[in-house]
Amino acid sequence: MTDNRLVCRHPKIVLIYQHEDDISCLLPIILDVNREFRVIANSKKLQSDIKQLNPCVVLFALDSVLQSTKVYLNLVEKKVLSTNHYSILLCNNKESGLSFQSCIKKLFNNYFVFQPLYEKLRLKLVIHEGLIKCQTTYSFDEKQAEQLNKQNEEFTQLLEQGAQCRKDLVNTLQESKNNLPVKSIDPIDTEQVAKNKLLDEINKDHLIPLFQLLESNISDSINSLLEMMTKQHLNTTNTKNTHLINHSRAENTKEVVELLAKMKQQEVLPPPDKTILIVEDNHIYREMISSILQKEGFIIDEAEDGLKAIKKIKENEYTLIIMDLFMPNLDGLNTTRHIRKLENGSKTPIIALSGNKRKELVQKWASHGLSGYIMKPSTKSEILQTVDKALT
């Protein structure tokens, strides 16, 4: 990490990571919330770095919930995080249940699913909440707790141990606050000054940036809505024109035929070399990629597993296939093998789509003639660059 913005000397926010590639999508989001931010690798120097920096909000982005729990528990037990802090557990979608349980057990304050990354605004809201709560007292609400499946014994033991450590830490902080000496000054004026100062800081550091962000997103949403309404209007107009022609009672049939021919010539049809099949069982990620490519003028067809993809390929011709590795019924590797035996799919470029980083799987899949690879999560520019490269 060489970016000067990420080496703040006195950061309010610290992100502890395992792999740089995993957190690249998080950095601009966190920097939008507060510039007093720093990233730290999980290494032997972690304890000394955290103790020296003394952050308010700490985010953990390690390989698994279990590893993040171990690292956080170690920092708390060693009293490296000895001040009132706000802990955020970052996880992948498959471990969201474990992350939820960690927060209910009062170990972490909050969690956020960043693999894949969907709700960018929610991450900003979670960090905002942490920054504000570090300046005031806070409590945990267990009313919304749901019954979850039993986890492995090691993880459950870590949760109980970590929850007790955090409880002891909070109690110690509260006792220290109660024992602070009180100066004999006017309590009314002091309280009002403190409130005014806190409100100014909240407005400047949190509310104003948040409102600016909301304004920008609302503007984008309105533009998208207008664009969609314009398309719907054009589609409605074309439908009405066709309806009028079909029901006209023109005496001269030749005039009707000529009018239909003119309308057909005026239709804007997408070029035949821009039809893409997206094979992905996660409907949210599938729709996200579809939306990105449709805005670039591509015709999109979708399949939720390998068997449905093969059926579609037998009936249609596609110029590109984007396919996930792990899917129900038939995975990406075996689906590719079947596609290569089909007349419509023997030479069709295929882009692999997966969050799995095992090189042996990628190499095995590549032996069937891959034209590219998209990691999950991925940015809009990364997706478009891979698609453009595969089509050239």
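**Figure 1. Contacts across the chain.** Of the contacts (heavy atoms within 4.5 Å) between residues at least 6 apart in sequence, 68% join residues at least 24 apart. The chain is a predicted model, in which local features need pLDDT of at least 70 and side-chain atom pairs count only at pLDDT 80 or more, while totals for chains, interfaces and linings use all residues. Residues are numbered from 1 along each chain as its sequence is written, and side-chain values use heavy atoms, with hydrogens and water left out. The chain has 14 helices and 10 strands; these are DSSP runs numbered from the N terminus, helices being H or I with at least four residues and strands E with at least two. Buried residues make up 36% of the 392 residues. Buried means under 20% relative accessible area, exposed over 50%, and partly exposed in between, with a 1.4 Å probe and protein chains only.

**Figure 2. Packing of helices α11 and α12.** Helix α11 (residues 306-315) packs against helix α12 (residues 332-339) at an angle of about 20°, and their axes are 9 Å apart. This makes α11 roughly parallel to α12, a term for angles under 35 degrees. Axes are lines fitted to C-alpha atoms, for helices over the stretch in contact, and angles run from 0 to 180 degrees between N-to-C directions. From α11, the contact is made by Gly306, Ile310 and Ile313; from α12, by Thr335, His338 and Ile339. These residues divide into 3 nonpolar, 3 polar and no charged. Ala, Val, Leu, Ile, Met, Phe, Trp, Tyr, Cys and Pro count as nonpolar, Asp, Glu, Lys and Arg as charged, and the others, Gly among them, as polar.

**Figure 3. Helix α5 and Gln101.** Gln101 is in helix α5 (residues 96-104). With 15% relative accessibility, Gln101 counts as buried. The buried residues of α5 are Leu98, Ser99, Gln101, Ser102 and Cys103. The C-alpha atoms of Gln101 and Tyr111 are separated by 9.9 Å. Just after α5, Lys106 has a positive phi of about 65°.

Figure 4. Gln115 and Pro116 are joined by a cis peptide bond, with omega about 0°. Pro116 is in the loop between β5 (110-115) and α6. Among the buried residues of α6 are Leu123, Val126 and Leu131.

**Figure 5. Positive phi in two loops.** Asn54, in the loop between α3 (46-53) and β3 (57-61), has a positive phi near 55°. Asn54 is partly exposed, at 41% relative accessible area. Lys79, in the loop between α4 (65-77) and β4 (86-92), has a positive phi of about 60°. Lys79 is exposed, at 61%.

Key
Angles under 35 degrees count as roughly parallel, over 145 as roughly antiparallel, 65 to 115 as roughly perpendicular and the rest as oblique.
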